[in-house]
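Here are some friendly comments to read alongside the model.

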Amino acid sequence: MNRYDEAIERMVREHAEVVRERIERHTVWEPNTGCLLWTGANVFGYGVVTTTAPRLPVRVHRLVWVLNHGPIPEGIDVLHHCDTPPCVNDAHLFLGTQLDNMRDMIAKDRYPRGERHHNAKLTVEKIGLARGLRLQGFSQHSIAVRLGVSQSTLSNALTGAHWKGVA
Ligand SMILES: [Zn+2]
């Protein structure tokens with residue numbers, strides 16, 4: 001387990017009341033969406049708090065998950081059904097891998113548009129995701145569109161023509 005998750009679990013174990021109180025004090029309800037929005041410090045839109053011991057910055061939605069459901073399995077992310085990073089409403093959170101997040105984004109058509117220019121490079125990470133998506137039945141076309149590359153670039157990558165060694 002990484003030290004951030006360790007710090008979160010310890011904070012929840014030893015200071016659950018402090019955690020609940022902080023969440024109450026630093027959130028507001030968004031009546032239209034039901035999101036519980038974090039109003040405290042944030043990094044890239046995600047609420048962040050510092051744990052007590054050790055003192056480490058951790059993401060609030062992850063802390064909320066552990067508070068309500070217990071430890072998060074290794075390598076798993078806490079994701080938002082509502083696509084709202086500052087939201088810490090437990091009912092809007094779910095556990096998943098980065099691949100689950102990608103599938104969720106494609107299902108909702110919210111892949112970042114900035115990455116959609118035609119000859120965007122395929123990173124190793126994207127190829128890994130693309131392979132996973134292919135295995136789960138997404139068409140090459142839909143994956144290529146969402147990753148912002150041409151279908152031939154994607155096809156070459158998937159068949160390994162230029163990407164030998166990318167697992
Ligand atoms: Zn929400």
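1. Let me start with a term: a residue is called buried here if 20 or more other C-beta atoms lie within 10 Å of its own, exposed if 12 or fewer, and partly exposed in between. On that basis, 25% of the 167 residues of the protein count as buried. Please keep in mind that this is a predicted model.

2. The overall layout comes next. The protein has 6 helices and 7 strands, and starting from the N terminus its elements follow the order α-β-β-β-β-β-α-β-β-α-α-α-α. Among contacts with a separation of 6 or more, 53% are between residues 24 or more positions apart.

3. Which residues have the most contacts inside the largest nonpolar core? They are Ile8, Met11, Val60, Leu63, Val64 and Val88, in a core of 20 residues. At least two residues of this core come from each of α1 (3-25), β2 (35-38) and α2 (60-69), and α1 gives the largest share, with 6 residues. As general background, nonpolar side chains tend to be buried together in soluble globular proteins.

4. Leaving aside residues up to four places away in sequence, Leu63 touches Ile8, Met11, Val19, Val49 and Val58. There is also a second, separate core of 10 residues, and its members include Met102, Leu133, Leu147 and Ala157.

5. Now for a helix pair. The axes of α5 (residues 140-147) and α6 (residues 151-159) come within 9 Å and cross at roughly 110°. Angles of 65 to 115 degrees count as roughly perpendicular, and α5 and α6 are therefore roughly perpendicular to each other. On the α5 side the contact is made by Gln140, His141, Ile143, Ala144 and Leu147, and on the α6 side by Gln151, Leu154 and Ser155. Sorted by type, the residues of this contact are 4 nonpolar, 4 polar and no charged. Leu147 is also one of the residues of the second core.

6. Strand β1 (residues 27-30) runs antiparallel to β2, and 4 bridges join them.

7. Proline 54 sits in the loop between β4 (46-50) and β5 (57-59).

8. Is phenylalanine 44 buried or exposed? Since 12 or fewer neighbours make a residue exposed, Phe44 counts as exposed, with 7 other C-beta atoms within 10 Å. Aspartate 83, in the loop between β6 (77-80) and β7 (93-96), also belongs here, with a positive phi near 55° in a residue other than glycine. Aspartate 83 has 14 C-beta neighbours inside 10 Å and so counts as partly exposed.

How values were computed. Residues are numbered from 1 along each chain as its sequence is written. This is a predicted model: local features need pLDDT of at least 70, side-chain atom pairs count only at pLDDT 80 or more; totals for chains, interfaces and linings use all residues. Axes are lines fitted to C-alpha atoms, for helices over the stretch in contact, and angles run from 0 to 180 degrees between N-to-C directions. Angles under 35 degrees count as roughly parallel, over 145 as roughly antiparallel, 65 to 115 as roughly perpendicular and the rest as oblique. Two residues are in contact if their C-beta atoms, placed from the backbone, lie within 7 Å. Ala, Val, Leu, Ile, Met, Phe, Trp, Tyr, Cys and Pro count as nonpolar, Asp, Glu, Lys and Arg as charged, and the others, Gly among them, as polar. A nonpolar core is a set of buried Ala, Val, Leu, Ile, Met, Phe, Trp, Tyr and Cys residues joined through C-beta atoms within 7 Å. Two strands pair if DSSP finds at least two bridges between them.
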